Amino acid sequence: MQDQPVISVQDVGMTYRSRDGLENQVLQGCNFDVASGEFVSIVGQSGSGKTTLLKIISGLVKNTAGEVQVRGRDVNEALHDIAMVFQSPVLLPWRNNLDNVMLPMEFRKRATRQSREYGLELLDLVGLGDKAKKYSYELSGGMQQRVAICRALVSHPEILLMDEPFGALDAMTRDSMNIELQRIWQETKRSVLFVTHSIPEAVWLGDRVVVVGDRPGRIIADIKVDLPRLRTKEHRYSDDFARYVAQVESLIGVSGAIS
Amino acid sequence: MSQAMPVESTMRVGAASPEKSPEVAPQRRQGQSVPVGVVNAVKAVVGVVGVLALWELAVLLLRLPEYLMVGPLSAVQEFFARPEYFMENAFITVQEALAGFALGTALGVLCGAVLYYIPAMRHFLYPTLIAIDTIPKVALAPLFIVWFGFGFESKAFVAMAIAFFPLVINTFDGLSSVPNELKELARINRAGRWMQMTKIEFIYALPSIFSGAKISISLAVGGAVVGEFIAGSSGLGYVILLANSQVDLPSMFAAFMVLAAISLIFFFLISVLAQRLLPWRNYSK
Ligand SMILES: Nc1ncnc2c1ncn2[C@@H]1O[C@H](COP(=O)(O)OP(=O)(O)OP(=O)(O)O)[C@@H](O)[C@H]1O
Ligand SMILES: [Mg+2]
C-alpha cells in the first residue's frame, strides 16, 4: 500500500476541440507518479498545459488520452480526496474567514461542529486564528491566500493541487508563503502538486520538479531535488540549490521567457 | 534568492498585484463614511437649491407669461394650495408603479436566471428579448389597455413591461460574473446545483440585481404615468393631462416635482436596502 503512488498519470494526452472543429493538442504522453506525502513542483512555459494537467487530475476536465488514477481508482470516483488552490484566493466577500474555510464542507453537507473546529485549527496553523471572524477585505493578499489554503485542507484531502497559488503576491510575501507552505505540508502530510512560474520556488519547495515542455505539453524532465528537509532560507543561496535552478532553467530554455 | 533569479525577482516586484489595500479599506469606511455622506448630501442640496433659484430668477427676469413657464415657487404654492389633490393622485401612481415594479422585478430575475441556467433558452430567447427590448415600451401601452381595461391593471402592466428588462439583463450579467474558480471549487466538492445557486451564484448576482432595480424603479414610475396619459381618470399622469388642457402650468410643475420626489425616494430606499443587505459589495471585484 505504501508503495502505491497516490497519483499516477499514465500516457495522458489532451486535445481541445474548438467549435469550428480545429484541434489543439495541449498535452501528449504525460507520465509521472506522485508518492504519498510527496511535494512535486511543476514548471513550464506559459501555455504549456500545466493548468490543464491539474484540471485533469482534479477531474474538472476529462483527458482525451491515457489514464489518471488516484490510489488506483479512476479520478472521477476519487474527487473527494482532492482539493485545489487557485491563483487568486476567490473568497466570498459576504462570509467571514472561518465560513469561507467551511464552504467545501457545506457543499459536501458535512459541516459539523467538529469540522468547524478543524477549520479553526487550520486557521490557527496558518497564523490566522485571531482572524476567523474577520472578512477577506480586512486581510492582505497573502493572508487571503492562506485562508484559501485552509479552505482546501478542511475536507482532509489526500491531495492538494495548487495552481500558481502565490503568483499574484509580491516577492517578499511570496518567500514567507513558501516557508509557510513547507510547514503546512510537513504538519498535514498531504501530497502536493504545485504549479509555479518561479523556478527557485519550485526547487526550494519540491521533492521533485517536473518540467513540462511546450507544444504539445509533455514531460521533458523529472528531477529529484536532494536538498535536506526542512529547508531554510539559507538553502536558497547554496551551490546545490543554484545548480538545480540552472538545470531546470536550461531545460525550459529560459532567458527570462517564462512569465 | 535574488542572486539566483535576478530577472524573475524584479519581474515579481513589478507584477505585484494592485490588490485592494486591506488595512486601509475598513478604516476609511469607518472613519470617513459619515462625514463623506453628509458632505455629499449638503453638496446635492446646494446644487438642487441653486438650480431652482436660477430657474426662478430666469422666469422672473425674462418675464415669461404663466401660460409658457412658471418658476418653482408657484409650483410649490400650487402644491400647498391643494396638497390632498396631489397626494391622492400620487398615491395612485405610486401603487401602480410599485405593483409594476414588483412584478417586473420578480419576472425579470426569473427570466434572467432561466436565460443563464438553460443555455438552450439563452440561444433561442436572448436575441428575441433584445429585439423586444428595442420596442419603446410606452408604445405597448394601448395594447395593455385593450387587454386589461382602463383601470389600475393596465398601468401596472405598462410599468412592469418597462421595469422588466433591466432586471433580466442585470440578473444575467450578475450570474455570469461569478468567477470560474468558484464554480470549479463547487464542482470539486460535488456541490449540487441548488447548493451552488444559493450559496454562491445568487448572492454574487445580488449587487448587479440591485443596480437593475435602481434603474427600474424610476422607469416603473414613468411607465405608470404614461399609462395614465393614455387611459387615466386619476394619478399624476392624469393630473398633468388635466392641467395641460387647462393651461395650468403651476399644477403641471407641481406634479413634476411630486414625480421627481417619488422616484428619488424609491431610488434612495433601494440604495439603503442594498447597503444594509450587501455591505460587502464594495469589496468584491
Ligand atoms: N477550455 C479550453 N478550451 C480550449 N483550449 C484551452 C482550454 N483551456 C486551455 N486551453 C489551451 O490549452 C493550452 C494550455 O493551457 P493551460 O492553461 O493549461 O496552460 P498553462 O501551462 O497553465 O499556462 P499558464 O502558465 O499561462 O497558466 C493553451 O494553449 C490554451 O489556449
Ligand atoms: Mg495555468
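User: Which domains of chain B give residues to the lining of the largest pocket, and where does the pocket lie in relation to them?

Analyst: The model is predicted. In chain B, domain 1 (36–65) and domain 2 (72–282) both contribute residues to the lining of the largest pocket, so the pocket lies between them. Those bounds are the ones given by the domain assignment of chain B. Taken over C-alpha atoms, the centres of domain 1 of chain B and domain 2 of chain B are 28 Å apart.

The volume of the largest pocket is about 380 Å³. Its lining consists of B:Val48, B:Leu52, B:Trp55, B:Met257, B:Ala260, B:Ala261, B:Leu264, B:Phe267, B:Phe268 and B:Ser271. Two elements of chain B, helix H2 (24–61) and helix H11 (249–277), each provide at least two of the lining residues. The most comes from H11(B), with 7 residues. By class, the lining of the largest pocket has 9 nonpolar residues, 1 polar residue and no charged ones.

The structure has 2 cavities of 30 Å³ or more. The largest cavity holds about 40 Å³ of space and is lined by B:Tyr126, B:Leu129, B:Ile130, B:Asp133, B:Phe165, B:Val168 and B:Ile169. Helix H5 (119–134) and helix H7 (152–176) of chain B are the elements that supply two or more residues to this lining. H5(B) gives the most, with 4 residues. The classes here are 6 nonpolar, no polar and 1 charged.

One residue of this lining, B:Asp133, also takes part in a salt bridge with B:Lys137, at 2.8 Å from N to O. B:Asp133 is partly exposed, because its relative accessibility is 28%, whereas B:Lys137 counts as buried, because its relative accessibility is 11%.

The second largest cavity contains about 30 Å³ of space. Its lining is made up of A:Leu153, A:Leu160, A:Leu181, A:Ile184, A:Trp185, A:Thr188, A:Arg190 and A:Val192. Helix H5 (residues 171–188) of chain A gives the most to this lining, with 4 residues. The lining residues fall into 6 nonpolar, 1 polar and 1 charged.

A:Arg146 and A:Glu180 meet through their side chains in a salt bridge, with N and O 3.6 Å apart. A:Arg146 is in helix H4 of chain A and A:Glu180 is in helix H5 of chain A, so this pair ties together parts 34 residues apart in sequence. A:Arg146 and A:Glu180 are both buried. The two also belong to a network of salt bridges that links A:Arg146, A:Glu180, A:Arg183 and A:Glu187.

Another pair in chain A is A:Arg71 and A:Glu158, which form a salt bridge with the closest N and O atoms 2.8 Å apart. This pair joins distant parts of the chain, 87 residues apart: A:Arg71 sits in the loop between strand S4 (65–70) and strand S5 (73–74), and A:Glu158 in the loop between helix H4 (141–153) and strand S7 (159–163). A:Glu158 is partly exposed, because its relative accessible area is 25%. Over all chains, the whole structure has 19 salt bridges.

Notes. Residues numbered from 1 in each chain as written. Chains lettered and ligands numbered in written order. Predicted model: local features only at pLDDT ≥ 70, side-chain atom pairs only at ≥ 80, totals over all residues. Heavy atoms only, no water. 1 Å grid on protein atoms, 1.4 Å probe; cavity = no way out; pocket = protein on both sides within 12 Å on 5 of 7 lines; lining within 4 Å. Points joined across faces, edges and corners; volume = space filled by probe spheres on them. Nonpolar A, V, L, I, M, F, W, Y, C, P; charged D, E, K, R; others polar. Domains from an automatic or database assignment. Salt bridge = Lys/Arg side-chain N within 4 Å of Asp/Glu carboxyl O. Buried < 20%, exposed > 50% of the residue type's maximum accessible area, 1.4 Å probe, protein only.
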